[in-house]
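Please keep the sequence and the coordinates at hand while reading.

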Amino acid sequence: MDYVLKTNALNKYYKGFKAVHGLSMNVPKGAIYGLIGKNGAGKTTLIRLICGLQEPTSGEYTLYGRKNTEREIVKSRRRMGAVVETPSIYLDMTSEDNLKQQYRILGLPSFDGLEDVLKLVGLENTGKKKAKNFSLGMRQRLGIAIALVGNPDFLVLDEPVNGLDPQGIIEIRELILKLNRQQQITVLISSHILDELSKLATHYGFVDKGRIVKEMSAAQLEAACRKCTRMEVSDTKILAHVLDEMGIEYKIFSDTKADVYAQINVSKLTLALAEYDCQVISMKEFGESLESYYVNLMGGVKNE
Amino acid sequence: MNKLLSAEFARLSKSFVFKMGLCFSAGLGAFIILMRWMDVKKHSQAYAELGAEYYGADGLIFVGGIYIVFAVAVFVGIFIGTEYGDGTIRNKLAVGHMRKNIYLSKLAVCGFASLLMHVMYIVVSLAAGSLMLGGTTMEIKEILAFTAAGVTAMWAMTAILLLISMSVQSKAAGSVACLLVTMVMLFASLTIWQKLSAPEYYDTYDYEDENAGEAITGEDDTPIYVDGDTGKAMTKERVKNPRYLTGTKRKVYEFLNNFLPVSQLYQIVMNDASHLGLMAVYDCLIILLTAGLGVIIFKKKDLK
């Protein structure tokens, strides 16, 4: 498998505080790699290291096959675009002027494709409006547009939907999916919003205390997430008795609700319950979510 | 480096603070000449007796340097602070530009901006002086020498201010620090100039004879003066000034007077051309030292 980014035992310490501690991860080419972790887990520090804003204390990373210690790493960086924390835009410039600045920084011979980039992020009609008058969502999209100048193969997005309204979140999600599917751009994205990330990511890296706790593909996550049937019955005591007899794993929530962790034969179970005069009111199939998986992995309280 | 210079100059051309700085320089040049013109109109007789170098623009062409250095401090603080504040410096690093080149491109652009502000004042004051005060008695060679000295001093000052603002990752703190340093340097320069200008001897007057009516020469040829108001006879004596700097202390003050860019500007204001060459050498030294130190600090800086 081709990897865009590989880190090997990466460390970043600030005066004794271990922000990143022996972090190893692999971002496959063409993936949308979701970086998941709580505040202070080391996600942003990792992104800062990858973007060259900070130097690792020890360890190394490889970007497009070039180690961070090599001088040639600058060539690999030219293939990437990044939005770290807040969008990096000149607030006193228009969206077009902001993009032109990035064209100059990259040394592109002309401004060809500028309109296309603006259209891609939906900012083609902002005219002479300065970025300081943009909404948060517009600024975020402009930040992504700047990161897209020069047609990068690798996009690094740090909390791109932070503070956005639902419409803004949908727009950014669709934009990322479009970039990944239509232009085959590899995306490394960090987010707190697990539900949102689960709609995008093809790969996950769970970060805690500066290191990757678990790295897996979306397919592996799906396989790992247990399926269950949520049942509402007239008496869960009877349900528990019947399930015990059948040897099926379950979890009781209340007098009437329970989760059953198995592929059950509905007719057989219903008839068995009917023998004890227990009625089945409803049945719903549930899959364990990314959130549940995250909580189980990291520890914490699940939001029911 | 060329890509960065192109981007920085494009940004400079759109910078509101820079445009305001240019307007301030031009306005100051015109204002100072206008003030002198009004004074000459009011006291035409007195100015006519003093001579052309007093009623002309001679003493005014380089006065602005002392004020413009503050405009440069505000400009550098905001222009550089914005890069950190808006996070746009990340766009340069993330695409592979080297920190040394980023720093040096900023030195070039800020130095050029300070040059333009300084020259703008000189050109406007010369033009307005020619129209309103009948020009200057200074020779073109002399004007060019002072202008070149002012420009190098301004560039050296810009290098110091750049070192400060690139070391402080905050727009507000950087701007305040730049202004404070400029103020401290100005006060230091005035103090140095004052101490160095103190006479080695000063005259004391003692009442010789309360009943004497007119000036006579004493027995030992000591001149005797008459107090114009009281008609009393006085003797004049040369006394050594205890505040006159001598030895190493004087050499240190002389060195600082020629070394500090604001002191250099003050010497230019006073039309003192005795050390212009040495001052230019010191300016080059300041630019090289601050740039070297600045690059080292910036290379080690953890950016957010």
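In this predicted model, chain B has 304 residues, of which 39% are buried. Its secondary structure consists of twelve helices and three strands. Among contacts in chain B between residues at least 6 apart in sequence, those joining residues at least 24 apart account for 84%.

Helix H2 of chain B covers residues 16–42, 27 residues in total, and spans 38 Å from its first C-alpha to its last, close to the 39 Å expected at 1.5 Å a residue. Which residues of H2(B) are buried? They are B:Phe18, B:Gly21, B:Phe24, B:Ser25, B:Leu28, B:Gly29, B:Ile32, B:Ile33 and B:Arg36. An α-helix has 3.6 residues a turn, so residues three or four places apart point the same way. The partners against which the buried residues of H2(B) pack are H1, helix H5 (65–85) and helix H7 (99–132) of chain B.

The contact between the chains comes next. Chain B contributes 21 residues to the contact and chain A contributes 26 residues. On the side of chain B that touches chain A, the elements giving two or more residues are helix H1 (2–14) and helix H6 (89–94) of chain B. H1(B) supplies the largest share of that side, seven residues. Sorted by class, the side of chain B that touches chain A comprises nine nonpolar, seven charged and five polar residues.

Chain A is divided into domain 1 (3–218) and domain 2 (226–287). The centres of these two domains of chain A, taken over C-alpha atoms, are 46 Å apart.

Chain A contains an open sheet of six strands with mixed pairing, in the order E6-E7-E8-E3-E9-E10. At its edges are strand E6 (80–83) and strand E10 (211–217) of chain A, each of which pairs on one side only. From one strand to the next, the twist averages 15°. Strand E9 (residues 203–208) of chain A runs antiparallel to E10(A), and six bridges join the two. Within this pairing, A:Phe206 stands opposite A:Lys214 in E10(A). Helix H5 (residues 136–148) of chain A packs on the sheet, where it touches E6 and strand E7 (154–158) of chain A; the direction of H5(A) makes about 160° with that of E6(A). Helix H6 (residues 166–183) of chain A lies across strand E3 (32–36), E7 and strand E8 (186–191) of chain A, and runs at about 155° to E8(A).

A further open sheet in chain A has four strands in the order E12-E13-E11-E14, with antiparallel pairing. Strand E12 (250–252) and strand E14 (280–287) of chain A each have a single partner strand, so one side of each is left without a neighbour in the sheet. The twist in this sheet averages 20° from one strand to the next. E12(A) and E13(A) run antiparallel and are joined by three bridges. A:Tyr250 has A:Val260 in E13(A) as its bridge partner.

Strand E13 (residues 257–260) of chain A also holds A:Lys257. Between the C-alpha atoms of A:Lys257 and A:Pro56, which are 201 residues apart along the chain, the separation is 51 Å.

Definitions and conventions. Residues numbered from 1 in each chain as written. Chains lettered and ligands numbered in written order. Predicted model: local features only at pLDDT ≥ 70, side-chain atom pairs only at ≥ 80, totals over all residues. Contact = placed C-beta atoms within 7 Å. Nonpolar A, V, L, I, M, F, W, Y, C, P; charged D, E, K, R; others polar. Pairing = 2+ DSSP bridges. Axes fitted to C-alpha atoms, helices over the stretch in contact; angles between N-to-C directions. Buried ≥ 20, exposed ≤ 12 C-beta atoms within 10 Å, placed from the backbone. Expected span 1.5 Å × (residues − 1). Domains from an automatic or database assignment.
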